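Dear colleague,

I am passing on the structure that we spoke about, and below it you will find my notes on what came out of it. Please read them with the model open beside you.

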Amino acid sequence: MSPKQTEDRRYLAPIDTASTQQLFTDCLVIGAGVAGLRAAIEAASNCDVTLVCKGSLSDSNTWQAQGGIASVLDSDDSFKLHIADTIRTGCGLCDDTAVGLVVRSGPELILQLIEWGAEFDKVAGRIDVTLEGGHSRARVAHAHGDSTGRGIAEALIRKVADTPNINIIEHFYTIDLITNDDNECVGAIGYRPRTGFEIIWAANTVMATGGGGRLYRETTNPDAATADGLAMAWRAGAILRDMEFVQFHPTTLYIAGASRALITETLRGEGAILLDCGHKRFMQAYHEDAELAPRDIVSRSILDRMLKTNSTHVYLDIRHFDKEHFKKRFPLISELCESFDIDVSADLIPVRPSAHYMIGGVKTDMEGRTNIAGLYACGEAASTGLHGANRLGSNSLLEGLVFGRIAGANASTEQNSHIRRPAYRRMKYDIGVSDRSRLDASDVRNSLRALMWRNVGITRKGRALTEAREIIEFWQRYVMDKVFDTPFGWECQNMLTVSYLMAQSAEQRRESRGVHYRVDFPDVDDANFARHFELQRPTA
Ligand SMILES: Cc1cc2nc3c(=O)[nH]c(=O)nc-3n(C[C@H](O)[C@H](O)[C@H](O)COP(=O)(O)OP(=O)(O)OC[C@H]3O[C@@H](n4cnc5c(N)ncnc54)[C@H](O)[C@@H]3O)c2cc1C
């Protein structure tokens, strides 16, 4: 598939090496979540590494992850069961090799994290594992109750900080990947608030920039998740895959005006019940596993119930929980509820679904390679085929660890034919001044997020998707031709690029599968759509 996008510019900013500060590295890792950190550690055993991220090291989806990391850690569990659960959830689109690889690597990588200082919660000396929706066994390990992501990230950050040949650069906003005439990736151009534009030439580059939850008005994702990596990979000619598949988390705290904090699924795994605004339990009417049904089903059921009861939210009921245990097991959520005067032993918690995880991403093989020589991808930014059309909860931290390690190993050892050690290159890329009217980037971002939520959200239909694509095309005409000089503007351009691709893929998948639900095509259509959609910039 080669979609048309308005303003097909290769780079978002003008480049002139004569006046731009330059760095040289063997391996550039963009992104400091679980995938980027793990990739940097692995690469550093073979070469010098530069690790950049657009905010501080704690500004990532990884840091926010609550529930845990899935892996076979209990004697009544098996690789076979974890593989089967992942494949069943993926609705016919999982890559069996990716699933097997990730599942089988899990226990070893979790033990390694423990060696590096991660403290998973234990019961009677063994790692405590919890049940989550879609899993047939308890296999979700957690750290510090509901601060699993932070626990993992802190261990990885300590390891990175202790590795002398990893150069960490925070607040480096990567604008674009740089490719040479043979379309090989030779580094990236970025922007630092204090020093301005900077080029990092690299023999190999690992893209670990995470997802794009911020493309939606309602999301669990922090500010950094604007899908920059997917947009810059697209401009460089990388193949993107499965862009129609976005996972919505069923339960985020709904308090008007407050940000949508996630209420972990593990609560339902431990007995929390969903009630509608009339305080009636409803999930049994939608699925035999009730509250433990896969996420897409719970999200759609909640939405349906909200529509039927004309309400903005439903409730999570944990009044029957032991309050002290809850405080200890879920300290973050406990604090969050208290901050809004919700007494969980007496009050219901108002919740609704919101955008959570990008299943689509830069297509990679099992070695983390993309179609561009010198460019690797891992974590949420990548499409490895692990999740198929739906992600099994808690599989993504694991995927980041596994493919982070693989991408880091290959990006530090593979010699791409024409890419020698990075050296100074002369490069000039000019952008003409546009005479079209200017739209306010802040306004466009807000309107885009509302449009994506309304038209490319939990349930979709053809006309709304076409409308979304046309409106985005209109905005693109007035935004993509401009030259911005701040991350806020570049993010807006990236959000438009990726949203367009998502709307277009969703429009073209005229069936319902996994997280992609079309009210006008409610059934799975294996004859026509048991396949992935791949996208590549036409001029690439
Ligand atoms: C609230 C929440 C709870 C979750 N809970 C779980 C859970 O319990 N279990 C689970 O498995 N998964 C969970 N997930 C999903 C999981 O956290 C993510 O999928 C995973 O952490 C992604 O890791 P990553 O390394 O790919 O990306 P991230 O952790 O998002 O890191 C992306 C990195 O890229 C950097 N970056 C982005 N753009 C640029 C740019 N232009 N220039 C430079 N740097 C850039 C960012 O600064 C950041 O450092 C949760 C997600 C959220 C939001």
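**The ligand and its surroundings**

In this predicted model, the ligand is surrounded by 37 residues, of which the closest are Ala 32, Thr 62, Gly 68, Glu 380 and Ser 396. Sorted by class, that shell holds 13 nonpolar, 19 polar and 5 charged residues.

Gly 68 places a backbone N or O atom 2.7 Å from a nitrogen atom of the ligand, whereas Glu 380 has an N or O atom of its side chain 2.7 Å from an oxygen atom of the ligand. From Ser 396, a polar side-chain atom lies 2.8 Å from a nitrogen atom of the ligand. Taken on its own, the ligand has 1000 Å² of accessible area, and the protein covers 98% of this. Two or more residues of the shell come from each of helix H1 (34-43), helix H2 (61-64), strand S10 (173-179), helix H6 (228-236), strand S17 (349-358) and helix H11.

On the H6 side the contact is made by Asp 228, Leu 230, Ala 231, Trp 234 and Arg 235, and on the H14 side by Glu 491, Asn 494, Thr 497, Val 498 and Leu 501. These residues divide into 5 nonpolar, 2 polar and 3 charged.

For H11 (residues 395-413), the partner is helix H4 (residues 96-115), with axes that come within 9 Å and cross at roughly 90 degrees, which means that H4 is roughly perpendicular to H11. Among the residues that make this contact are Leu 101, Val 102 and Leu 109 of H4 and Leu 398, Phe 403 and Arg 405 of H11. By class, the contact has 9 nonpolar, 2 polar and 3 charged residues.

Terms used
Residues numbered from 1 in each chain as written. Predicted model: local features only at pLDDT ≥ 70, side-chain atom pairs only at ≥ 80, totals over all residues. Heavy atoms only, no water. Axes fitted to C-alpha atoms, helices over the stretch in contact; angles between N-to-C directions. Helix = DSSP H or I, 4+ residues; strand = E, 2+ residues; numbered from the N terminus. Parallel < 35°, antiparallel > 145°, perpendicular 65-115°, else oblique. Contact = heavy atoms within 4.5 Å. Nonpolar A, V, L, I, M, F, W, Y, C, P; charged D, E, K, R; others polar. Near = heavy atom within 4 Å. Polar contact = N/O pair within 3.5 Å; in protein donor to acceptor, adjacent residues only side chain to side chain. Areas by Shrake-Rupley, 256 points an atom, 1.4 Å probe, with all protein chains shown as cover.
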